[in-house]
Structures are given as C-alpha cells and as structure tokens.
Amino acid sequence: MEREVAIIGYAQTPYEEDADASREILVLRAAREALASAGLSRDDIGTVITANNDYLDGRTISNMRLVEPSGACLKDESKVEMDGAYAALYALMRLLSGFHDVAMVIGESQASVYPTYAPGVMTLDPTWDRQRGLLNEVSAAALQARSYMNTYGISEEQIAAVAAKNLGNAVKNPLALRAVPGATVEQVMGSRMLCSPIREMCAWPATDGACAIVLAAGDVARKANRAAWIRGVGFYHDSYLTERPLDKMTSLKMAADKCYAMAGIEHPEVEIDLAEISELFAHEELMAYEALGFCAEGKGGEFIDSGATRMDGILPVNPSGGVLAANAVCAAGLARLAEAAMQITGEAGDHQVKGVKTALAHGQTGLCAQENIVYVLGGE
Amino acid sequence: MEYKDETTSISGSWNLGQWHWKHETAVLMQHFLASLKDKKVLGLKCPECGLVYCPPKPYCSCLSIPEEWVEISDEGVVTTFTFSGSWSYGGMEEGAGTPRIIVGVMLDGSNTEMLSQLEDADRDHVDVGMRVKVKWADEPQGTIEDVMHSLPA
Ligand SMILES: [Zn+2]
C-alpha cells in the first residue's frame with residue numbers, strides 16, 4: 001500500500017443478552033475506550049465510519065443518533081449498512097486517500113430490542129422466496145450445511161467440534177456472551193435441533209454489543225502506543241443463494257487470494273499464526289478453513305479433527321470464541337479485526353496465543369455468507 | 001433492561017404488504033405463472049453465458065439480459081435439504097404445524113435452484129441426488145403455490 005495503515009486502538013463492550021444501556025451509550029462506551037487505548041482525543045479523529053442497519057434498528061438513517069456518541073459531530077462521517085469489517089474497509093480507503101490520518105470505526109447492534117433472526121427473511125427476493133415461506137436465517141444455513149456435508153463427506157460431529165472448540169475458548173474471553181466451560185462434541189450434539197443439521201449451539205446467539213477500532217496512517221501510526229499493521233485486504237460478493245453452489249465459499253476464497261497477494265502470503269497455512277473467522281453457524285468455520293487455504297478443498301472436517309485450530313494448535317482459530325460466542329450484528333466482523341489486532345499486540349489477556357506475528361480476520365454479510373472480506377494483520 | 005418496555009409507541013403498523021417492487025420480474029413472472037396452468041415450467045435463458053434461470057430473472061451475473069423462454073422439466077434432482085421442525089430461536093418462531101422437509105431442487109434444464117416442500121417422502125430416504133417432481137394440483141391456478149410442493153419421482 002502507498003500509505004501504511006495500522007489498528008492502534010480498540011474496544012469492545014461486554015456482549016450481553018440484554019444490555020443495560022441504549023445503543024447510543026454502547027457506542028459511546030466503545031468509542032471512548034478505543035480512543036483512550038489509542039492515546040488520542042476526539043480532536044485527533046479525522047473521519048468516522050459506523051456500521052449499523054436501518055431495518056435492525058426499526059428506523060431509517062440508523063446512524064443519525066450515532067453522530068455524537070461515535071465522536072463524529074462536525075467531522076467527516078459515513079456509514080455502511082453491512083458488517084463492521086466493511087466499515088473498516090471504508091475507513092482504510094479514507095486514510096489511503098491521504099486526506100485523513102486517524103479514523104474511528106464502530107459497529108453495533110442490540111438484539112434484545114428486535115427479533116434478531118427475523119430480518120434475514122427481509123433479505124430474500126421479495127417477488128419469490130420471501131413469499132414462499134421456506135427460507136429464513138436458519139433454514140438457509142441448514143441448506144448450506146447439508147450441501148457442504150454431502151459434497152465432502154463432512155459429519156455432524158465435525159461441525160459440532162467447531163462449536164465445542166469456540167464455546168470452550170470463550171470461557172477465557174471475559175466479554176463473550178455464550179461460554180461453555182469444557183464444552184464437548186457430545187454436548188453440542190445434544191443441543192436442540194432447529195433445522196437439521198443446525199443445532200442451537202451451532203447457531204449464533206442473539207447479542208447486544210458494540211466494537212470500535214481506531215485506524216491510523218503514517219506518522220500517527222508509527223508513534224502510536226501499539227500497532228497492528230494492515231498488510232492486505234480482499235473482498236468479493238457472490239450471487240443470490242439459489243444461483244450459486246452452496247457447498248463452497250467461492251467469494252471468500254477469492255477475497256483471501258486477493259488479500260494474500262497484497263500481503264505477500266504464499267502459504268497461508270504456514271505463514272498465518274492465528275485467525276478470527278465470522279462463523280455465524282459452526283459449519284461455516286470448516287468451509288472457511290478451505291476457502292482460506294488452511295487446508296485442501298473438502299478437508300475442513302479433517303482439519304478440525306487434527307486439533308490444528310485449537311487454542312494450542314498450529315493455527316488457532318477463534319480463540320475469542322468467535323461469532324458463536326457473541327454476534328452483535330454489524331459489529332461481529334469488526335470484532336474479529338479487533339481480536340486479531342489484540343493477538344498481534346499481545347493484549348488478548350487470558351485468550352492470548354503466544355508468538356502471533358501474522359493474523360487473519362474475516363467478516364461476512366448476507367444469507368449463507370454471500371459476501372466476504374478478509375484482512376491480514378502483521379506486527380512490526 | 002427495564003425501561004425498554006416503556007418506550008412510547010406511535011400507533012400504526014409497518015405493513016410490508018404495502019411495498020411494491022417495480023421491475024421487469026413482474027412481467028416475466030406473469031408469463032411464467034400463466035404457463036403453470038398448463039403444468040409447464042419455463043426458464044429464461046441468458047444469450048451470453050447460456051444460464052437458465054427458473055424462476056425467471058431479467059438480468060444475469062454476466063451483465064447480459066436473459067430473454068429466451070425455454071421449457072424446462074417439472075422433474076429434477078435434490079441438491080440439498082433440511083428437516084425443519086417446530087422451534088423458536090433468536091426471536092423467530094417456526095413450524096407451528098407439521099415438520100417440513102425443505103429441499104433445494106435443480107429442475108432438469110435449469111441452472112438455478114428452486115426450493116420446495118417435499119411431501120410423501122420417508123425421511124430416511126431423503127438425500128442429495130434424489131429425483132423429485134413438482135406436485136401439481138389437478139387444476140393449477142397459475143400462482144406461486146403451484147410449484148410449492150414436490151414428490152419423490
Ligand atoms: Zn449470462
């Protein structure tokens with residue numbers, strides 16, 4: 001990149017089922033804490049990009065009351081109506097333009113004030129699938145999971161192993177909403193079936209929360225308290241879910257390839273020390289292993305069985321607990337970015353993995369991961 | 001949080017049925033649905049890449065305009081499936097009736113999937129690759145309902 005850009009501050013609110021605060025206050029808390037961690041004040045911020053969603057908030061212009069709590073008043077401000085990892089992309093581009101040195105990026109949502117799984121139906125084609133009543137957030141994921149399992153011979157136990165790993169990891173993340181001490185495959189297999197093969201413990205939990213990161217370019221970044229440098233980014237969008245094969249994540253693979261080329265990564269399975277993946281449903285983490293090149297196509301099940309992605313494995317994935325442990329919609333992918341940065345700077349606390357020099361973060365938007373974005377971060 | 005239930009509401013409702021979608025699909029859909037009365041399933045073929053869309057769609061990912069109607073089969077192959085029972089999760093309530101078998105079906109001659117509800121099938125025999133066919137009413141009405149259900153072929 002022409003200009004080097006780094007994550008120099010971050011904060012996440014605790015993820016909760018029913019936060020004791022409005023969304024504005026959650027945003028304010030995250031923004032203040034992220035700025036403090038960066039050692040900056042509001043005056044230093046050049047641009048603010050938020051990620052929030054009109055139909056989740058039940059009103060249009062969902063950022064209109066976030067101007068003050070995000071620190072954006074009388075500043076360059078915009079939003080994306082997608083995952084926060086895309087807000088970070090927008091902020092990155094603003095910094096690369098050379099017109100700003102510091103960007104605040106915030107994602108948030110409050111599942112406790114709306115039926116959080118219901119809006120998925122609103123993303124369906126209104127002239128056909130929405131009227132037919134067969135697809136929703138869970139049944140669509142179930143069709144994706146079955147398609148993947150069938151093509152590559154993946155078992156339900158291998159999918160359950162993802163949930164057991166991540167919910168177990170979440171015990172060491174004090175901010176996680178859903179943590180299950182000593183979670184086992186048997187326990188996950190015993191959890192309630194929603195739409196086969198999707199079980200409750202394999203589906204993201206309704207979550208309140210916010211995440212903020214501070215991006216900086218040039219001298220500000222070099223003089224910062226800490227820096228996790230953005231080495232590469234890639235993002236691709238796939239077609240509507242009935243018009244593409246659901247057994248693989250093509251757009252994620254393309255995004256990863258683009259990101260790796262930018263970051264100079266040739267052997268991701270060796271060069272990447274840790275990954276934070278947006279697995280809205282457990283099987284998506286296995287599919288992501290393949291798309292990200294951590295293992296060969298169809299080998300996601302064997303890869304989890306090998307223990308490689310455990311906290312003590314060769315390529316830990318989601319030591320934070322991932323999205324299965326907390327999914328504040330619009331903040332989830334941004335939180336992956338924050339978590340990856342925390343691992344690089346050595347500030348991940350109890351879920352810190354030793355010696356992380358290169359980390360990957362993934363965000364997604366749309367039913368069955370229609371669009372995907374991948375970042376690679378590096379230390380000094 | 002206690003006070004969220006005390007939010008003042010403005011009475012009224014957000015009736016999504018009042019929303020309309022103005023695009024070519026409506027015209028295409030009329031033709032598609034009319035042919036269902038004759039138990040014929042039509043697809044729309046892209047002149048550039050050859051993809052056949054069923055239901056029809058006026059734009060293709062290759063940036064061309066599908067416009068050639070082709071008759072496709074009312075039989076096809078199951079590409080994926082799920083058993084959806086009765087559950088509530090994340091604020092959603094589903095399946096207040098009998099459990100459903102939802103299948104993704106690639107009708108012979110189509111390149112896109114049509115979801116349908118499979119009936120008269122033994123769960124143990126439902127699998128990817130299974131052949132199914134549209135369950136026609138004796139007198140199809142020319143509506144979306146006509147191709148909602150399928151049967152083992
Ligand atoms: Zn085409």
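Predicted model: local features only at pLDDT ≥ 70, side-chain atom pairs only at ≥ 80, totals over all residues.
**Stop 1: the contact.** Select both chains and show the residues where they touch: 43 come from chain A and 39 from chain B. Together the two chains bury about 3500 Å², with 64% of that on carbon and sulfur atoms.

**Stop 2: the salt bridge.** Now pick B:Lys57 and A:Glu243 and show their side chains. They form a salt bridge, with N to O at 2.7 Å. The count of salt bridges between chain B and chain A is 1. For polar contacts, the count between the chains is 14 residue pairs, both residues at pLDDT 80 or more.

**Stop 3: chain B's side.** S4(B) gives the largest share, 6 residues. Colour this side by class and you get 20 nonpolar, 13 polar and 6 charged residues.

**Stop 4: the sheet.** Stay in chain B and select S1, S2 and S3. These 3 strands make an open, antiparallel sheet in the order S2-S1-S3. S2 (52-53) and S3 (68-72) of chain B each have a single partner strand, so each edge strand has one side without a neighbour in the sheet.

Finish by zooming in on S1 (residues 41-45) of chain B, which is joined to S3(B) by 5 bridges.

Notes. Residues numbered from 1 in each chain as written. Chains lettered and ligands numbered in written order. Heavy atoms only, no water. Contact = heavy atoms within 4.5 Å. Buried area = accessible area lost by both parts, 1.4 Å probe. Salt bridge = Lys/Arg side-chain N within 4 Å of Asp/Glu carboxyl O. Polar contact = N/O pair within 3.5 Å; in protein donor to acceptor, adjacent residues only side chain to side chain. Helix = DSSP H or I, 4+ residues; strand = E, 2+ residues; numbered from the N terminus. Nonpolar A, V, L, I, M, F, W, Y, C, P; charged D, E, K, R; others polar. Pairing = 2+ DSSP bridges.
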